Amino acid sequence: EAIAAGKCKVVLITCAGFGRRGTAVRERGGPDAPFEYSYGPVTVNLYAMAARRHMYEYGTTSEQLAWVKVSASHHAQHNPNAFLKKVLTVEDVLNSPMIADPLHRMDCCVVTDSGGAVLVVAPEIAKQLKTPKVKLIGQGESSKGQMGGHVDLTYTGAVRSGPVAFAEAGVKPADIKYASIYDSFTITVVMQIEDLGFCKKGEGGKFVADGNLISGVGKFPWNTDGGGLCNNHPANRGGMTKIIEAVRQLRGEAHPKVQVKNCDIALAHGTGGALGARHGSGTVIMERE
């Protein structure tokens, strides 16, 4: 927006976090948050509530959630920087310790230090660059709160940020060749895939199962760096690494084992906050120029 407004021509965007050296904090923010503290709302149990509600409403199973972690591990094995490189099975996920019912330890992201940066430049600057160019063609953002007590845990802010981004880009979910989707927990991925329009609400569990998210195997390649579930996840990194891996895919610079063929349009989506409380959602759609 700053570039479009003529305020500048080159923008550096960075984000870093110290997840392994930091301390766990309770979710905070918003005038209603202090009334929740006595109930112990930490990150994992807020997502567990969303997962349990999704299971109740739509019949989603733990086995289906496990496939999200399995697919991430298949990608992470090719990433030398990934925190968790071991290829997992559904049984590995289901047999890992229960952290907050119904989420097992392997349903959770890794906890790491890491950082990332991207450069966004004006078109006249981009013409001078020799590197493959990736153009931002659509973006949307939205928040979701507690709605005055009318809480619905079955959807995320992506139901609004996604359609705005698709409309600006002039493309449909079916046009996306690769997606980077925020993955703090396995349920996060299932819900956001639904809300972004890649499948109908309630069908996310079936959509992610049986290897459908594995690049070169399934029909919906995602998070080919291993994502937050296996690669890296500092406390506040948001969607930074999601954008970076999407750019790698569009440039054809992802690992050969996970590079998506003819990848010309990609989506990156991030969530900040917690699905079980309040959060913000951001969606960007990019195109290889």
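A: Strand S7 (residues 265-273) and strand S8 (residues 279-288) run antiparallel, joined by nine bridges. One of these pairs Gly 273 with His 279 in S8. All of this is read from a predicted model.

The pair belongs to an open sheet of four strands. The order is S5-S8-S7-S6, and the pairing is mixed. Strand S5 (134-144) and strand S6 (178-181) stand at the edges. Each has a single partner strand, so one side of each has no neighbour in the sheet. On average, neighbouring strands are turned by 15 degrees against each other, direction ignored.

Now the pocket. The largest pocket holds about 1,700 Å³ of space. Its lining counts 50 residues. The edge strand S5 gives the largest share, eight residues. Nearest the centre of the pocket lie Leu 119, Val 120, Val 121, Val 134 and Leu 136. By class, the lining has 28 nonpolar, ten polar and twelve charged residues.

To sum up the part: S7 and S8 are joined by nine bridges, S5 and S6 stand at the edges, and S5 supplies the largest share of the pocket lining.

Note on methods. Residues are numbered from 1 along each chain as its sequence is written. This is a predicted model: local features need pLDDT of at least 70, side-chain atom pairs count only at pLDDT 80 or more; totals for chains, interfaces and linings use all residues. Side-chain values use heavy atoms; hydrogens and water are left out. Two strands pair if DSSP finds at least two bridges between them. Helices (H or I, at least four residues) and strands (E, at least two) are DSSP runs, numbered from the N terminus. Axes are lines fitted to C-alpha atoms, for helices over the stretch in contact, and angles run from 0 to 180 degrees between N-to-C directions. On a 1 Å grid over the protein atoms alone, a cavity is a set of points where a 1.4 Å probe fits but cannot get out, and a pocket is an open set with protein on both sides within 12 Å along at least five of seven lines; lining residues have an atom within 4 Å of a point. Grid points are joined across faces, edges and corners, and a volume is the space filled by probe spheres set on the points. Ala, Val, Leu, Ile, Met, Phe, Trp, Tyr, Cys and Pro count as nonpolar, Asp, Glu, Lys and Arg as charged, and the others, Gly among them, as polar.
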